[in-house]
Amino acid sequence: MDSCTIQTPLGLTKITGDDNGLASIIVLNANLSEKETEEQVTDIIPETLQEAVYQINEYFEGTRTQFDLLLNPEGTSFQKQVWNELKTIPYGKTISYLELSKQLGDVKAIRAVANANGKNPLWIVIPCHRVIGSDGSLTGYAGGLHRKKWLLEHESPYKQQSLF
């Protein structure tokens with residue numbers, strides 16, 4: 001499995017994958033010094049991950065709204081079903097956990113859907129940050145609510161001081 005670490009506006013991001021697709025994209029929460037951060041960033045990007053790095057950089061530059069990458073995350077069949085549904089949420093839009101459960105055909109599965117959402121291994125590419133509370137509030141996000149807020153504001157067609 002190939003891996004690399006890149007710097008993004010939201011922190012260091014580790015990308016892993018191979019010829020079968022991307023396995024994970026995770027933001028690293030470590031509080032590193034500037035020197036330690038520089039040491040973590042990968043100088044040479046493996047060929048299998050170059051397109052992912054390119055598209056992630058385009059996303060953060062604001063020139064990409066959809067990803068076109070081969071994905072190969074590990075998870076249960078239910079988790080993969082939830083992650084596939086997350087990919088249908090358009091850029092700049094949000095839905096609630098309840099709406100997501102309804103789209104998956106079982107409103108009673110809301111907790112299982114939220115749990116699968118929280119275990120998404122492909123940060124940003126599978127847009128779990130686009131799922132919010134039924135009341136419009138920001139709710140749990142593995143990368144931290146400050147990152148979720150940043151991502152939603154980054155994708156918002158209405159640029160303003162703050163959405164939340």
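User: Which residues does Thr48 touch, leaving out those up to four places away in sequence?
Analyst: Thr48 touches Asp2, Gly17, Asp18 and Asp19. Contact here means heavy atoms within 4.5 Å. This is a predicted model, where local features need pLDDT of at least 70, side-chain atom pairs count only at pLDDT 80 or more, and totals for chains, interfaces and linings use all residues. Residues are numbered from 1 along each chain as its sequence is written, and side-chain values use heavy atoms, with hydrogens and water left out.

User: Where is Thr48 found?
Analyst: Thr48 is in the loop between helix H1 (34–40) and H2. Helices (H or I, at least four residues) and strands (E, at least two) are DSSP runs, numbered from the N terminus.

User: New topic. What does the UniProt annotation "active site" cover?
Analyst: According to the UniProt record, an unreviewed entry, the annotation "active site" covers Cys128. UniProt positions are given in the numbering used here, feature names are shortened, and annotations may be inferred rather than shown by experiment.

User: Where does Cys128 lie, and is Cys128 buried or exposed?
Analyst: Cys128 lies in the loop between helix H5 (110–118) and strand E5 (131–132). Its relative accessible area is 8%, so Cys128 counts as buried.

User: What does Cys128 touch?
Analyst: Not counting residues up to four places away in sequence, Cys128 touches Leu86, Asn117, Asn120 and Tyr141.

User: What about Ile124, where is its place?
Analyst: Ile124 is also in the loop between H5 and E5. Ile124 is buried, with a relative accessible area of 3%. Its phi is near 70°, a positive value in a residue other than glycine. Most residues other than glycine have a negative phi.

User: Let's look at helices. How do the axes of H3 and H5 cross?
Analyst: The axes of helix H3 (residues 77–86) and H5 come within 9 Å and cross at roughly 80°. The two helices are therefore roughly perpendicular to each other. Axes are lines fitted to C-alpha atoms, for helices over the stretch in contact, and angles run from 0 to 180 degrees between N-to-C directions. Angles under 35 degrees count as roughly parallel, over 145 as roughly antiparallel, 65 to 115 as roughly perpendicular and the rest as oblique.

User: Which residues make the contact?
Analyst: H3 brings Phe78, Gln79, Val82, Trp83 and Leu86, while H5 brings Ala112, Val113, Ala116 and Asn117. By class, that is 7 nonpolar, 2 polar and no charged residues. Ala, Val, Leu, Ile, Met, Phe, Trp, Tyr, Cys and Pro count as nonpolar, Asp, Glu, Lys and Arg as charged, and the others, Gly among them, as polar.

User: How many residues are in the largest nonpolar core?
Analyst: The largest nonpolar core has 36 residues, and those with the most contacts inside it are Ile15, Leu86 and Trp123. Such a core is a set of buried Ala, Val, Leu, Ile, Met, Phe, Trp, Tyr and Cys residues joined through side-chain atoms within 4.5 Å.

User: Which element gives the most to this core?
Analyst: H2, with 5 residues.

User: Now Gly140. Where does Gly140 lie, and what does Gly140 touch?
Analyst: Gly140 lies in the loop between E5 and helix H6 (145–155). Leaving out residues up to four places away in sequence, Gly140 touches Tyr97, Leu145 and Lys148. Gly140 counts as exposed, at 54% relative accessibility.

User: Last one: how many helices and strands are in the protein chain?
Analyst: There are 6 helices and 5 strands. Of the 164 residues of the protein chain, 43% count as buried.

Notes
Buried means under 20% relative accessible area, exposed over 50%, partly exposed in between (1.4 Å probe, protein chains only).
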